[in-house]
Amino acid sequence: MREDGRVTSAPQRPDGPTPTSRPTPIPRLIATDLDGTLLRDDKTVSSRTVAALAAAEEAGIAVFFVTGRPARWMGVVSDHVQGHGLAICANGAAVVDLHAIGPVPTGREFVQVRPLPRITALKVVEALRAAAPGTSFAVELTTGINYEPAYPPFFQDPGANVATAEQLLDEARDDDSAPVLKVLAHHAELAPDEFLALARSTAGAYASITRSSPTSLLEISGPDVSKASTLALCCEERGISPAEVVAFGDMPNDVEMLTWAGTSYAMGNAHPDVIAAASGRTVANNEDGVALVIERILAERAARARP
């Protein structure tokens, strides 16, 4: 999970190489990660990408943002949703109505929540404390984030409670006992992939563990909760098959989604595991890699429609 940033419109429209993949089927749904994928490194959405998203929706192709971000950080793209306005947040732990946090809020933010049971979260915390001494934790709730004193100040949240993870996850100490979306675990010394492998080997039986940050910051969700599993549920509700989905991503938390989708693209800046999982590659997020593929899909669709 990376720092929040407000989207502005970036005018640059770079020309990149054609994405490498087999001919793209005409999809019914585009599922795209945000940080490192749709967003540029400065957290902007380029005018080219904004236009491509709007064109896809106008052509009848639904666009779902599928991200590790919590709902409160979705203002970066809330102005760019069309139609349904839904996004999958917190690595699949929540389906959010972005219209509820947009310029004209509707008051209905969480459409679906797939929580991490507190007793399960405590087992993960216990296992990681034993396997990786020095790990610090934060707890992401539907109501906001709380964290331990040693957890790095990635951002400032004046409303956060600061206590041990064991205290933060104790329902008897939590006045509202809000659902836990995920637990974040940070280690100051272990390399990111080393920390992920260690966590999965010691606590993977309890929960889904992944990462999206370039730092040693892990994201821990409920068992079987992932971007892929929640996207599959959303698609099933709409009668959309995996073959009709095109997905984009750049980090390990995207791997399951890219494997599940019928067509998938790793960004030019993607982690090696993502490149291995995807069926194709596009250019980097700073070069509008998602827009480039959408433009090609729409061009192919127009060509097929011509007599």
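Reader: Buried means under 20% relative accessible area, exposed means over 50%, and partly exposed is whatever falls in between. So is Arg129 buried, partly exposed or exposed?

Author: Arg129 is partly exposed, because its relative accessible area is 30%. Do keep in mind that this is a predicted model.

Reader: Noted, thanks! Which side chain does Arg129 meet in a salt bridge?

Author: That would be Glu148, at 2.4 Å from N to O. The pair links distant parts of the chain: Arg129 sits in helix H3 (residues 118-131), while Glu148 is in the loop between strand E9 (144-147) and helix H4 (165-168), 19 residues apart.

Reader: And is Glu148 buried or exposed?

Author: Glu148 is buried, because its relative accessible area is 6%, which is under the 20% cut-off.

Reader: Let's stay with H3. How far does H3 reach from its first C-alpha to its last?

Author: H3 spans 20 Å with its 14 residues, close to the 20 Å expected at 1.5 Å a residue.

Reader: Which residues of H3 are buried?

Author: Arg118, Thr120, Ala121, Val124, Val125, Ala127 and Leu128.

Reader: What do those buried residues of H3 pack against?

Author: Quite a few elements: strand E8 (136-141), H4, strand E10 (180-186), helix H5 (192-203) and strand E12 (217-221).

Reader: Switching to the sheet. What is the strand order in the open sheet of 8 strands?

Author: The order is E7-E6-E5-E4-E2-E13-E14-E15, and the pairing is mixed. At the edges are strand E7 (110-113) and strand E15 (280-281), each of which pairs on one side only.

Reader: In what sense do E2 and E13 pair?

Author: Strand E2 (residues 29-32) and strand E13 (residues 245-249) are parallel, with 4 bridges between them. Within that pairing, Ala31 stands opposite Ala247 in E13.

Reader: Which helix lies across E2 and E4?

Author: Helix H2 (residues 47-58) does, and it runs at about 130° to strand E4 (62-66).

Reader: Why does Arg28 count as partly exposed?

Author: Because its relative accessibility is 35%. Glu244 is partly exposed as well, since its relative accessible area is 23%.

Reader: Which side chain meets Arg238 in a salt bridge?

Author: Glu237, again at 3.5 Å from N to O. Arg238 is partly exposed, with a relative accessible area of 32%, whereas Glu237 is exposed at 62%. There is also a network, in which salt bridges that share partners join Asp33, Lys227 and Asp254.

Reader: Last topic, the inside. Which residues touch the most other members of the largest nonpolar core?

Author: Phe65, Met74, Val77 and Ile294, out of 34 residues in that core. Several elements supply at least two residues each, including H2, E4, E13 and helix H9 (289-305). H9 gives the largest share, 6 residues.

Reader: What lies apart from that core?

Author: Another core, of 27 residues, with Ala121, Ala132, Ala165 and Phe195 among them.

Notes:
Residues are numbered from 1 along each chain as its sequence is written. This is a predicted model: local features need pLDDT of at least 70, side-chain atom pairs count only at pLDDT 80 or more; totals for chains, interfaces and linings use all residues. Side-chain values use heavy atoms; hydrogens and water are left out. Two strands pair if DSSP finds at least two bridges between them. Contact means heavy atoms within 4.5 Å. Axes are lines fitted to C-alpha atoms, for helices over the stretch in contact, and angles run from 0 to 180 degrees between N-to-C directions. Buried means under 20% relative accessible area, exposed over 50%, partly exposed in between (1.4 Å probe, protein chains only). A salt bridge is a side-chain nitrogen of Lys or Arg within 4 Å of a carboxyl oxygen of Asp or Glu. A nonpolar core is a set of buried Ala, Val, Leu, Ile, Met, Phe, Trp, Tyr and Cys residues joined through side-chain atoms within 4.5 Å. The expected span of a helix is 1.5 Å times one less than its number of residues.
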